[in-house]
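This report goes through selected local features of one protein chain. The sequence and the structure are shown first.

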Amino acid sequence: MSARRLVSTPFSSSSTADEVLAGIDLTGVRAIVTGASSGLGVETARALTAAGAELTLAVRNTAAGDAVAETIGRTTGGIRPRVVRLDLADRATVTRFVDAWDGPLHLLVNNAGVVTGGLERTREGWELQFATNHLGHFALATGLHRALARGAADRGGARIVSVSSTAHMRSGIDFDDLHFERRGYDPQIAYAQSKTANSLFAVEASRLWAPDGIVANAVNPGGVATGLQRNFTPEQKASLDAAEAAGVFTYKTVAQGAATTVVAAAAPEFARSGGHYLDDGQEAYTVPNDADLGQHPHGVKQWALDPAAAERLWTVSTGLLRLPPAG
């Protein structure tokens with residue numbers, strides 16, 4: 001049996017978010033972008049608003065979010081985005097956000113993320129990077145499932161974009177010790193695990209929710225200097241510098257980094273095709289779990305797309321959050 005042809009688009013590593021959206025009218029699209037008070041989230045929100053989307057900026061710091069919304073409204077000539085507080089590590093704020101949402105939702109961009117320099121835990125005792133980057137977004141997306149289904153019925157489809165990272169190649173999911181209760185803590189491995197989880201979420205969400213017209217895809221924005229690196233330890237910074245020197249990545253502008261997110265959010269090639277991992281505007285090729293990152297900087301490891309792992313992670317996440325079974 002021949003291998004499936006990867007989904008391709010006209011875009012590349014040098015494409016910008018505005019170039020991806022050229023000629024695309026998002027009028028009437030209701031969208032949420034998490035972590036839209038800095039970095040990639042700001043550019044993603046700006047580009048989507050400029051294309052006509054009705055944006056909600058879901059942010060921890062609403063003062064920073066208001067400043068971003070004001071700038072977006074002024075520079076795009078469009079409607080000023082709405083700003084709502086959301087702390088993905090605090091389940092109460094996720095619940096409030098979901099309960100307050102009214103009407104259909106057509107696009108959810110799970111962009112927010114944290115990097116820690118050492119072990120930090122939520123009040124539940126969960127490792128913070130996994131809790132924020134994966135569990136918080138999982139609770140948000142599942143809570144908004146009905147709104148996304150309504151959005152899909154309105155427009156013939158709804159999309160979720162899950163922002164992952166090349167870092168996923170460092171680690172799969174350790175189901176025996178998700179929260180580093182027994183193994184030694186390595187913040188880079190913890191971050192990697194959370195980014196693999198972001199990809200696996202897209203795989204299982206697409207499988208479960210395709211009948212509702214909802215597709216989810218994971219994206220690697222590439223190397224972009226943002227506030228995410230502010231908590232890097234010297235070891236993490238050295239690792240990043242070594243990866244750049246080895247040619248694993250070259251830094252992109254924020255506009256270039258947001259482009260792949262926008263491809264998954266709006267490009268016609270991914271309107272009804274989910275469960276993929278995108279890199280530089282294209283569906284990435286899959287590599288074995290023992291593949292070397294330096295030799296495959298634009299690949300995606302098997303463990304990040306494994307259907308069995310995706311289903312198991314969904315079940316585990318549902319249990320941790322005490323959510324109803326998938327449906």
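## Basis

The structure is a predicted model.

## Helix H5

Helix H5 spans residues 128-143 and bends by about 30° at Leu-135. Most of this helix is covered, with 14 of its 16 residues buried. At the start of H5, Glu-127 places a side-chain oxygen within 3.0 Å of the backbone nitrogen of Gln-129.

## Aromatic pairs

Across the whole structure, a search finds six aromatic pairs. One of them is Phe-138 with Phe-201: the ring centres are 6.2 Å apart and the planes stand at 80°, so this pair counts as edge-to-face. Phe-138 belongs to helix H5 and Phe-201 to helix H7 (residues 187-209), so the contact ties together parts that are 63 residues apart in sequence. Both Phe-138 and Phe-201 are buried.

Phe-201 also pairs with Trp-314, and here the rings are stacked, at 5.6 Å centre to centre with 5° between the planes. This second pair links distant parts of the chain, since Phe-201 is in helix H7 and Trp-314 is in helix H10 (residues 307-321), 113 residues apart. The relative accessible area of Phe-201 is 4%, and that of Trp-314 is 6%. Buried means under 20%, so Phe-201 at 4% and Trp-314 at 6% both fall in that class. Phe-138, Phe-201, Trp-209 and Trp-314 together form one aromatic cluster.

Strand E1 (residues 30-34) runs parallel to E4 and is joined to it by three bridges. Strand E5 (residues 158-163) also pairs with E4 in the parallel sense, over four bridges. Leu-108 takes part in both pairings: Ile-32 stands opposite Leu-108, and in E5 the bridge partner of Leu-108 is Ile-160.

## Salt bridges

How many salt bridges does the count come to? The count is eleven. Side chains of opposite charge can pair when their charged atoms come close.

An α-helix has 3.6 residues a turn, so residues three or four places apart point the same way.

Lys-252 and Asp-280 form another salt bridge, with 2.7 Å between the closest N and O atoms. Lys-252 lies in the loop between helix H8 (234-245) and helix H9 (254-266), and Asp-280 in the loop between strand E7 (277-279) and strand E8 (282-283), so the pair ties together parts that are 28 residues apart in sequence. Lys-252 and Asp-280 are both buried. A network of salt bridges links Asp-18, Glu-43 and Arg-46.

## Arg-183

Arg-183 takes part in two kinds of contact. In a salt bridge with Asp-174, its closest N and O atoms are 3.5 Å apart. Arg-183 also lies over the face of Phe-180, at 3.6 Å from the ring centre. Arg-183 is partly exposed, with a relative accessible area of 23%, and Asp-174 is likewise partly exposed, at 25%.

## Gln-295

Gln-295 is placed in the loop between strand E9 (285-287) and strand E10 (299-301). Is Gln-295 buried or exposed? Its relative accessibility is 61%, so Gln-295 counts as exposed. Gln-295 and Val-98 are 197 residues apart in sequence, and their C-alpha atoms are 42 Å apart in space.

Methods
Residues are numbered from 1 along each chain as its sequence is written. This is a predicted model: local features need pLDDT of at least 70, side-chain atom pairs count only at pLDDT 80 or more; totals for chains, interfaces and linings use all residues. Side-chain values use heavy atoms; hydrogens and water are left out. The bend at a residue is the angle between axes fitted to the seven residues ending there and the seven starting there. Helices (H or I, at least four residues) and strands (E, at least two) are DSSP runs, numbered from the N terminus. Buried means under 20% relative accessible area, exposed over 50%, partly exposed in between (1.4 Å probe, protein chains only). A polar contact is a pair of N or O atoms within 3.5 Å; within protein, one must be able to donate a hydrogen and the other to accept it, and residues adjacent in sequence count only if both atoms are side-chain atoms. Rings of Phe, Tyr and Trp (its six-membered ring) pair if their centres lie within 6.5 Å; planes under 30 degrees apart count as stacked, over 60 as edge-to-face and the rest as tilted. A charge sits over a ring if NZ of Lys or CZ of Arg is within 6 Å of the ring centre and within 35 degrees of the ring normal. Two strands pair if DSSP finds at least two bridges between them. A salt bridge is a side-chain nitrogen of Lys or Arg within 4 Å of a carboxyl oxygen of Asp or Glu.
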